[in-house]
Each structure stands twice: as C-alpha cells, then as structure tokens.
Amino acid sequence: MHVVPDTMSKATTPPLLQMRGITKEFGPISALSGVDLDVYPGEVHALMGENGAGKSTLMKVLSGAHARTAGTIWVDGREIDIRGPDHAKALGISIIYQELSLAPNLSVAENMLLGREITRFGLLDRAAMHRNCAGILNDLGVDFDATDKVSTLSLAQRQQVEIARALLADCRILVMDEPTTSLSSKECENLFALIHRLRDQGLAIIYISHRMDEIYALSDRVTVLRDGRYIGCIERENLSEQRLVQMMVGRDASTFYQKQHSPAPFSEVLLSVQNVGDGARVFGASFDLRAGEVLGIAGIVGAGRTELARLIYGADPKTAGQVTLDGQGLRIGNPLDAIHAGIVYLTEDRKGEGLFLDMSVSANVNMATMDRDGRGLGLLDGAKAKARTLDAIESMRIAVSGPETKVGSLSGGNQQKVLLARLLQTNPKVLILDEPTRGVDIGAKSEIYHLIEKLAAQGSGIVVISSELPELVGISDRILVMREGRIAGEVGGTSDMPIDAETIIALATGSVAKNETFARG
Amino acid sequence: MVDDVARRKRALRASIQALGMLPVLLLICLMFQFLSGMAATGSIVEAFQSGRFLSPQNLSIIAQQASINTVLAAGMTFVILTGGIDLSVGSILAASAMVAVMTSLIPGWGMMGIPAGIGFGMLLGAVNGGLVAFAKLPPFIVTLGSLTAVRGLARLLGNDKTVFNSELPFAGLSGPAFLGISWLTVIAFAVILVSWLILRFTALGVRIYAVGGNEVAARLSGIKVWVVLMFVYVASGFLAGLGGVMSSTRLLAANGVQLGQAYELDAIAAVILGGTSFVGGVGTIWGTLIGALIIAVLSNGLILIGVSDVWQFIIKGLVIIGAVALDRYRLNGSVRT
C-alpha cells in the first residue's frame, strides 16, 4: 500500500510530540509494534483504527499508564522517558477518557484543582480557587460557574470541566478519546468549535474517533493503526473515506478462517426479533434468524450489540418489541425464561459475568441444568453431573486434570470452552455468542469456529457478535451492522451488499451516504 | 534449589489449606490442658496429665456452651456464602425466646412454644430476606436496622420484663441425651449435618455458592437469585429462632433486653475463623463448626486457668485477628483472595 511520508508540510515547525518505534508487549502478546506518531502544535491529529488496533494502548503509553517495551518519545525536541501519569501531566500531556473522572459531589473548581488545592493556614481557600478557575472557564465560554456542583452538570458540561482542568494544568497535548459518544448533535457542534479554538491557540490535540464525519470536520491529519502497527498518516487534503477504510481493514480476509458450508437459503425462520429496544441504547432492532444460519452482528464498541443480545436473552428489561421462536411469541422476563425457551447467551465478559472461578469445572458446566439432572427434592445427581462433565471435557477437548479442577486455574481458551459447555447442556435452539473468541488462543479459536459450524449444521441458529471483522466475515452467512443502537445495514444473505470488511466498516462508522438503500431480507 | 523451596512451600500451603483451622483448635486445646494442669499442680512435669481441660466432663460442657453459637453460625454461614451478612441474629434469638416462653405459658399450648419461637424467627428472617432480595438493599444496612428494631420488638413482647416459666415443657432439651452429652449439643451437631447435606448435595447448595461467587453469572445462567437469597435469610432466622428456644431451656426464662446481646459477633467470628470468605462463594460448614469450637474453647479454657474477665476479651480478640491473618496466608496461593 502506498503510504504518505508524514514529514511533509509541517517541516518548518518542529513537532511538539514525536513517538518513534513504540512497542508494547504484554507477556507474549504485542499490543503495539513499532508505532510512529508526530503531533505538531496547533493541529488536530486524528487517530483511527478498528477495535483493538492499539489506539488506547498507544495513548496509555503516552500518558504514562503503561511503560513502553521499546521506542523513543520526544516532547519539544527533548527525549523523554515518561515515568508515570504525574510525569506526563507535568510534561503538559492530558487525556480525557470516555468515562469522565470527576468527583460528582465536589464543585467545578474543586475538581479542577484536585490534588493541588489552594490553602491558607491549612484550610481550603475557596475564594482563591474559584477566582483561579473562573478565568479559564470564562475563556472557554461555558454556561456554568466554578462554584457549581459537578453532579448538577450535563455530560457535555462535565467534559468542558475536564478540558478546563487540563488547560489549568498547562496542558499542551490534549488527548480526547471518543469524546462525542454520549453527546447530542448540538453539544457536538459546541465541542468542535471549542476544539478548533484550542487548536488555534496552539494546542496539539489528538482525537480518537470511529465516526468518519467527525474526522472530516476536525482533523488536520489522520494516523491509522491496525493490529498494533503504524499503517500511515494522511494529510487533510488527501483524506478519502475509501482510503481510510482500506488502511483500517488492510488484511486479506480470504486467508482467514472460511466456513465450509453455505446454508439452505430458504430454511425455516427460527428466531424472529421485531422492533426490540430499551429506549436508551437499542432502538427498534428487527431481524430473522433461520435454522442452520450463522448471523454475525458487527459494529464498533458501544453500538448496542451486546445490549441487543441481553434484551433478547432477558438479562435486561426491554421496553419495546417482540421475540418469536418457532413461530411462537415468547414472554422473556429473565434469563431463565430464555433458557427454557431454548435461547442461550454467551457473555462477552467471561470472568465477570460467566464463570464461577472458585468452583469446579463440573459445577460450572452443570450450573444451568441442575434441576433437570436432579433426583427430586433438589438433590444433585453427582454421577450424572460427572458423566456430563467428562463428556464435555472430551468432546470439547478441555485441557483439565478432572471435573473437580477449579475453573479459575484454567487458561482463557479452556475457560471459554467450559462456559460453552454449560450453554450446550441446555440443548439450545438459538445461541447468541458475544465475542466467543476474546482472549482465547489460536488453537481454541479454531475449535470454537468448528463448533459453531457443527452446531449450525445440526440446525441451531447462531448469532455471533464480534469485534474481529475477519473472524466475523469468515464464519457468518450474513452480517448485521449496528451503529448507535440501531441496525444500520446488512451484508450477505439476500442483501446485495457483499460480505467484506470494507462494506462493514463503512456501515459501522456511518460513512456510507445515508440515502443509500439496503435490500433488507 | 529454589525450585525445591518453592515446591516445599506449595506443599505446605496445600496441606494447611486442606486442614483449615483444625490444627489451631487442637493446639489451643493441648495448650489449655497443659496450662490448667500447671495451674493446679504447679509442676511442669505433671502438668499435662493432671490438667482438667481435656476431661470428659469439661469437653461436654464446652460442647454445650458452643451449641447455641454453632447453630447461629450455621445460619450465618449460609448468609455469608452468598456475600451477605446477618447482624440481627442476636436480636431475633431474643425475640424468638420471648415468643417461645410466652407461648409455653398459654394453658394447653406448652410444647407449641418450640414451633412458635422458630416460626417467629423465620418470619423475621423472611423480612430481612425480602428487603435484600426484592428491595435490593445492602444486607449490612438491612440487618443493622433489624438488629435494633427486633431488639425493641423483643422488649415490647414482654412489656420490657423478663418472662419466666419454671415448668417449661421443653426444658429437657438442656438435659443429657446420652453419655452425658446434652441435647443442645446433639441439636447443634444435627444442624451442622443438615447444613452440610444442603450445601454439599443439593442444587440449592451449589446455587448458594454460585450467588456468592458471581451473582451476575448466576443470574445469567438462569438461577433464581431471589430464591437463594430468601432461603439463606429465612434459614438464618430459623436457626436464630432455634437458638432462642435452646437458650430458653437453659434459663427457663427469656428477657428482651439482655438475651442474645452481641451473639451475632460470635457467630460471625466463628464463620470467619472457619475460613469462609467474607465476600462470599468460598467456605465450608465444617470450618464454621471448628470456628465455633475455637471460640467456646477459648472462653472455657481461659476461665479454667483463671484468666480474668478483662484479659479474656483481649485474648479472644487477638486470637480471632491472628487466625484470620493465618487464613490470608492460607489463601494466598489459591485462585482468589
């Protein structure tokens, strides 16, 4: 791929921040390998890449949260070894994360001066603190006071407090990680105006976003990362959507796992989801799942994929919509109802929401089916449970010493298999698998792919949510793309859109013109 | 070399882990036997054989003294295994004892005092459970509230007076069952046995561990979390009610003000000494039994060797902290601490 050298036009002024060959390894896994980034004063520099491309890791290295494994960082032309978050702050580097880090019960000024409060005779000098902050707040043109309690402010206002706090700390490099995620379009406009003003004052701004329109509206240059590698840096003049998407996707999906079978296109509809929503994060989602079909759901993190799955499974209450299985309307109020109906859900958070780490493999595998295997009066049938566990250990090739091994001591791949084994004990008709291969080694990954394929061949309907596009493209018969809580489009199947990563990214980031129609099945 | 040390360390840790607090209990017993003998004879040589601590009579007294706390601690084990806490057991014990004795005074009802007392305890446990399971209030707050409110209720029941029944029809429960062992001891052991059966051999037992280990995962795997929570708080109330009946048989009376004061603390101490994790999901009922015995042995032994009341408190407290510190070390090598 042709890549523009990134030292072109700004050569006259030296970069404020230079990162060269930044490498970060977590044990055997390298999250970043040899990434370069140059940021000049007075520019908005966008950082783009798929989920897991390494943007956050790079910013954590910059902020001192992670120590880099290799590479060099210059600030103002001086080689710097960033020792920690405090050191980064002293160097003028501030990061505003998606989850704002303000203390809601303190005032705006107290938050801005957290850790370096102004005191007189050991007591807080509130008047001085407020005076100190009022100036910066005034410059920002905000519509609240330094004395206001943060808990009374809107999300957009709190963001402004964070920006003000960074400016008060003499910030010169400001990193914003998807700042518009929860803002209204009016609030976004205000934020953009503010970012432009700050840029014109000479601040260097690193802007992380998935939204193509924001990249267009804001950025002077765009650096693209992929799989922890530096792919290239594009000047504003050369910005093209197609090119960005290509750089972000890059790899050749055809070398990835490809499923063997294509489903009977007219097999019966197994699961029908109609206008399901929760009024906050998922809106009017509708789709059909056929027997034997593997339906992928793509979308950036926060697009509402997991939320939709949880609504279908009854893990969260839905406020609208209907779920039909085998032509029968279901009333699902909790996960137990879903399991009884034949729908199971594999959580994306294996340790937090899936497994009982202190309990045995056997207890974990049989957790959802103890009643069925019981001997009346709630007594457990230990022999049956053990037999089922041994069965699962063998058929899924779980590497454990025995059914009584604690799950917490297993590797990620084996833990995932244990969790899958639990779902399969219930003989489900529909499986919703949320990030089924996250944190799983290559070998277990391919076994999970084959399992999915086998289950589909046996007539189950399978929904796979994944942030790994090549994986999704490889195993799905059809893919729904979600954006901002809605199903934004569909590729494959009866739609005329091809199953490829470029199309999916375009849909997920909203870069496809809105008036383009999708043939929906 | 380093490997060898590490392996030995691991092996040591594994064996400590399997035995739990049993070695501590035995060590304390042997120590009291020695010290009691020394106090009596003044001779180190004859101290061990002439000690009174390990005599059959004294052991049976210890077992009886441990019985009520064991029963309360069994209920507390259920609750703590789910990650909760029940601070109200002492107050529930007092209220249940009041109900039991008052019911036994009604002509012709006599023995009905037992189910009345236990039933009242279950009812109060159900209120706790309902507030935790349905109103989703923190167990600490709920039971801290009922600790106070039920104490008031216990006083209200007898118009703030002690109720007596010298003819208590179930007074025989504090008498000997066989071989000089009290019925109270038998009841306590039966409670431990039934608790063990529930925790080890029923779906409910597995679910109690599951809810304590990972409540979100429990819900997602189709467990009715509210059923489990209701069960543990009702069980704790049931056992506190049973404890109330048991204490009424020893006193032939019940008093809303003093009865059961601070019992919840001994019960919690027993559970924690038994190695049950305070955050839930890990622990055994046998550990709790050993914990309750350690507390009883300490009280009995310290009196036996003539330690003053003041020092008894200090020593008991330090032993609890020391034992739990040992427990931290014990759990260090395992999956989660």
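Reply: One rule to begin with: two strands count as paired if DSSP finds at least two bridges between them. Please keep in mind that this is a predicted model.

Me: What makes S4(A) and strand S5 of chain A a pair?
Reply: Three bridges join S4(A) to S5(A), residues 78-80, and the rule asks for at least two, so the two strands pair. They run antiparallel. Within S5(A), A:Glu79 is the bridge partner of A:Trp74. The two strands form a hairpin with two residues between them, and A:Asp76 in the turn has a positive phi of about 60°.

Me: How do you know that strand S1 of chain A pairs with strand S4 of chain A?
Reply: By the bridges again: S1(A) (residues 17-26) and S4(A) (residues 70-75) share five, against a requirement of at least two. The sense is antiparallel, and A:Ile73 in S4(A) stands opposite A:Met19.

Me: Why are S14 and S17 of chain A said to stand at the edges?
Reply: The sheet is open, with four strands in the order S14-S13-S16-S17 (chain A) and antiparallel pairing. Strand S14 (285-290) and strand S17 (328-330) each have a single partner strand, so one side of each has no neighbour in the sheet. From one strand to the next, the twist averages 20°.

Me: What makes S13(A) and S16(A) partners, and what packs on their sheet?
Reply: Strand S13 (residues 269-277) and strand S16 (residues 320-325) of chain A are joined antiparallel by five bridges, and the pairing rule needs at least two.

Me: Which strands are the edges of the six-stranded sheet of chain A, and how do you know?
Reply: The order of this open sheet is S18-S19-S20-S15-S21-S22, with mixed pairing. Strand S18 (343-346) and strand S22 (486-492) are its edge strands, as each pairs on one side only. Direction ignored, neighbouring strands are turned by 20° against each other on average. Inside the sheet, strand S15 (residues 294-298) and strand S21 (residues 478-483) run parallel and are joined by four bridges; A:Val481 in S21(A) is the bridge partner of A:Ala298.

Me: Which helices lie across strands of that sheet?
Reply: H9(A) lies across S15, S18, S19, S20 and S21 of chain A, at about 150° to S19(A). Helix H18 (residues 501-509) lies across S15, S21 and S22, at about 25° to S21(A).

Me: Why is H4(B) called roughly perpendicular to H12(B)?
Reply: The axes of H4(B) (residues 56-81) and H12(B) (residues 263-273) come within 8 Å and cross at roughly 65°. Angles of 65 to 115 degrees count as roughly perpendicular, so the label applies to this pair. The crossing is right-handed. Residues making the contact include B:Leu72 and B:Met76 of H4(B) and B:Ile268 and B:Val271 of H12(B). By class, the contact residues are nine nonpolar, two polar and one charged.

Me: How many residues bring chain B into contact with chain A?
Reply: On chain B there are 20, in contact with 27 of chain A. The largest share of the chain B side, six residues, comes from H9(B).

Note on methods: Residues are numbered from 1 along each chain as its sequence is written. Chains are lettered from A and ligands numbered from 1 in the order in which they are written. This is a predicted model: local features need pLDDT of at least 70, side-chain atom pairs count only at pLDDT 80 or more; totals for chains, interfaces and linings use all residues. Axes are lines fitted to C-alpha atoms, for helices over the stretch in contact, and angles run from 0 to 180 degrees between N-to-C directions. Angles under 35 degrees count as roughly parallel, over 145 as roughly antiparallel, 65 to 115 as roughly perpendicular and the rest as oblique. A crossing is left-handed if the near helix is turned anticlockwise from the far one by less than a right angle, and right-handed if clockwise. Two residues are in contact if their C-beta atoms, placed from the backbone, lie within 7 Å. Ala, Val, Leu, Ile, Met, Phe, Trp, Tyr, Cys and Pro count as nonpolar, Asp, Glu, Lys and Arg as charged, and the others, Gly among them, as polar.
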